[in-house]
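Dear colleague,

Please find below the structure that I was asked to pass on to you. My notes on what was found in it follow directly after.

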Amino acid sequence: MSADFWTTLNFAALAIPAFFIFTGLEYAAALRQKKPHLFKFDSSVANISIGVAERLLNLFLTASFYGLFQYVYTHFALWSIPNTWWVWVIMLLATDLVWYWYHRLGHEINLFWAAHIVHHQSEEFNYTVSARITTLQALIRNLFWCVLPLAGFHPDMIIATLIIHGTYSFFTHTQIIGKLGWLEYILITPSHHRVHHASNEKYLNKNYGDLFVFWDKLFGTFQREEEAPTYGLTHPLKSYSFIWQHVHYFLELGLAVRRTPGFLRKLKIIFGNPELLDQNLRAELEQKFLPHKEETTPRIRHKAYVLIQVVLVIIIAFIVTLFYWHLDTPDVLTGILFVAITLINCGALLEQRHWIYYLEQVRLVLLAGYLAYAFDQPVCLAAGVIVSTLTLWPAWPARKWFLEFIYG
């Protein structure tokens with residue numbers, strides 16, 4: 001292969017296997033410490049699903065983030081800051097300060113909380129939780145970071161610092177590491193971040209920092225870890241649905257705004273504090289959108305089927321990310337659409353929904369259509385449509401067989 005081929009690979013894809021290597025090491029450490037309960041199958045699948053979706057969607061946005069920083073720096077920079085060693089120190093501090101306020105406002109303003117709440121839904125706390133970042137949250141975060149090029153920091157410095165920043169925050173999402181002595185007075189450690197993810201009343205709205213602890217101490221939001229944290233939301237989410245996890249708070253906001261008279265009062269809800277939002281709205285929406293399901297113990301083949309789906313989307317996400325600059329638009333769009341359908345499917349499988357059977361037919365037709373395009377064989381699409389149509393024929397008990405095999 002030519003040198004150009006290797007230089008045009010997107011090596012950001014290596015973050016995907018690195019994530020699973022460290023998660024595997026954390027799981028092994030949990031087993032060694034006799035704490036297998038730190039990982040729950042359904043919750044971990046939901047966490048990873050959200051992370052895969054964010055990684056793929058960000059393929060379209062990462063270059064635009066740099067372009068936005070470059071535009072702000074070129075046209076609006078207030079100063080020209082030199083690239084010297086001490087500037088990198090200031091850059092790191094400035095990045096963490098911007099993060100603190102982005103993060104804090106993400107908890108204090110409903111509109112921002114709607115994007116950030118997904119990160120806090122998990123009732124477990126391990127490395128998989130670090131993957132719970134939505135693309136909307138990434139967009140908001142990068143708008144905040146536009147302050148940095150405006151101040152005169154070069155976009156190359158900003159991107160490099162953000163990589164360091166993001167890598168460090170991954171390692172704070174764990175219960176395996178205890179308190180770290182004198183480092184607790186300087187850095188945001190796993191202990192500090194466990195407090196931030198807790199729903200205990202004394203831990204709420206604390207420890208917003210990402211790298212350094214002194215911003216929380218300076219602005220009065222620091223709390224040491226004392227009693228054992230209870231993770232998740234104060235009003236736990238009752239679903240692993242991929243779609244519901246992303247949209248439920250927007251629906252709550254929309255319902256509150258619709259029922260509130262007056263333009264200014266509506267704005268007060270959108271930009272108000274989440275603690276003031278009517279907590280009964282979610283229960284009302286859950287009754288409408290989350291039909292009651294009988295709680296049953298998943299069979300091994302059910303879990304195996306879910307696991308196959310997850311492994312499949314991880315492989316596709318890695319391939320699409322690594323070879324992004326070499327793939328045609330139909331290749332990328334088909335890969336992303338296939339992954340999106342599969343992630344929705346995974347959430348529905350965890351909820352043991354019966355409509356996944358019809359989603360499987362959509363996925364079958366999509367795959368057949370792509371094969372027809374890739375190999376210039378329209379017969380592939382025709383075959384896929386025929387098979388899908390036959391499996392939907394009411395007289396043929398294929399749906400019953402499928403659901404019995406998966407759910408029992």
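Helix α9 gives the most to the lining of the largest pocket, namely eight residues. Please note that the model is a predicted one. Alongside α9 (155-170), the helices α2 (15-32), α3 (41-57), α4 (62-76), α5 (85-108), α7 (135-144) and α15 (300-322) each supply at least two residues of that lining. In total, 46 residues line the largest pocket, and those nearest its centre are A15, E54, R55, G166 and T167. Its volume is about 1600 Å³. Sorted by class, the lining of this pocket holds 25 nonpolar, 17 polar and four charged residues.

How many cavities of 30 Å³ or more does a search of the whole structure find? The search finds one. The largest cavity holds about 30 Å³ of space. Its lining consists of V45, A46, S49, Y240, F242, Q245, C346, G347 and L350. Helix α3, which also supplies residues to the lining of the largest pocket, provides at least two residues of the cavity lining, as do α12 (242-259) and α16 (329-350). By class, the cavity lining has six nonpolar residues, three polar residues and no charged ones.

I turn now to a pair of helices. Two packed helices are described by the angle between their axes and the distance between the axes. For α15 and helix α19 (residues 398-407), the axes come within 6 Å and cross at roughly 100°. Therefore α15 counts as roughly perpendicular to α19, since angles of 65 to 115 degrees fall into that class. Which residues meet where α15 and α19 are in contact? On the α15 side they are R301, H302 and Y305, and on the α19 side F402, E404, F405, I406 and Y407. The residues of this contact comprise five nonpolar, one polar and two charged.

Finally, there are the charged pairs. Side chains of opposite charge can pair when their charged atoms come close. The count of salt bridges in the model comes to nine. One of these salt bridges joins R194 and E225, whose closest N and O atoms are 2.9 Å apart. This pair links distant parts of the chain: R194 lies in helix α10 (residues 190-196), whereas E225 lies in the loop between α11 (214-219) and α12, and the two are 31 residues apart.

Yours sincerely

Note on methods:
Residues are numbered from 1 along each chain as its sequence is written. This is a predicted model: local features need pLDDT of at least 70, side-chain atom pairs count only at pLDDT 80 or more; totals for chains, interfaces and linings use all residues. Side-chain values use heavy atoms; hydrogens and water are left out. On a 1 Å grid over the protein atoms alone, a cavity is a set of points where a 1.4 Å probe fits but cannot get out, and a pocket is an open set with protein on both sides within 12 Å along at least five of seven lines; lining residues have an atom within 4 Å of a point. Grid points are joined across faces, edges and corners, and a volume is the space filled by probe spheres set on the points. Helices (H or I, at least four residues) and strands (E, at least two) are DSSP runs, numbered from the N terminus. Ala, Val, Leu, Ile, Met, Phe, Trp, Tyr, Cys and Pro count as nonpolar, Asp, Glu, Lys and Arg as charged, and the others, Gly among them, as polar. Axes are lines fitted to C-alpha atoms, for helices over the stretch in contact, and angles run from 0 to 180 degrees between N-to-C directions. Angles under 35 degrees count as roughly parallel, over 145 as roughly antiparallel, 65 to 115 as roughly perpendicular and the rest as oblique. Contact means heavy atoms within 4.5 Å. A salt bridge is a side-chain nitrogen of Lys or Arg within 4 Å of a carboxyl oxygen of Asp or Glu.
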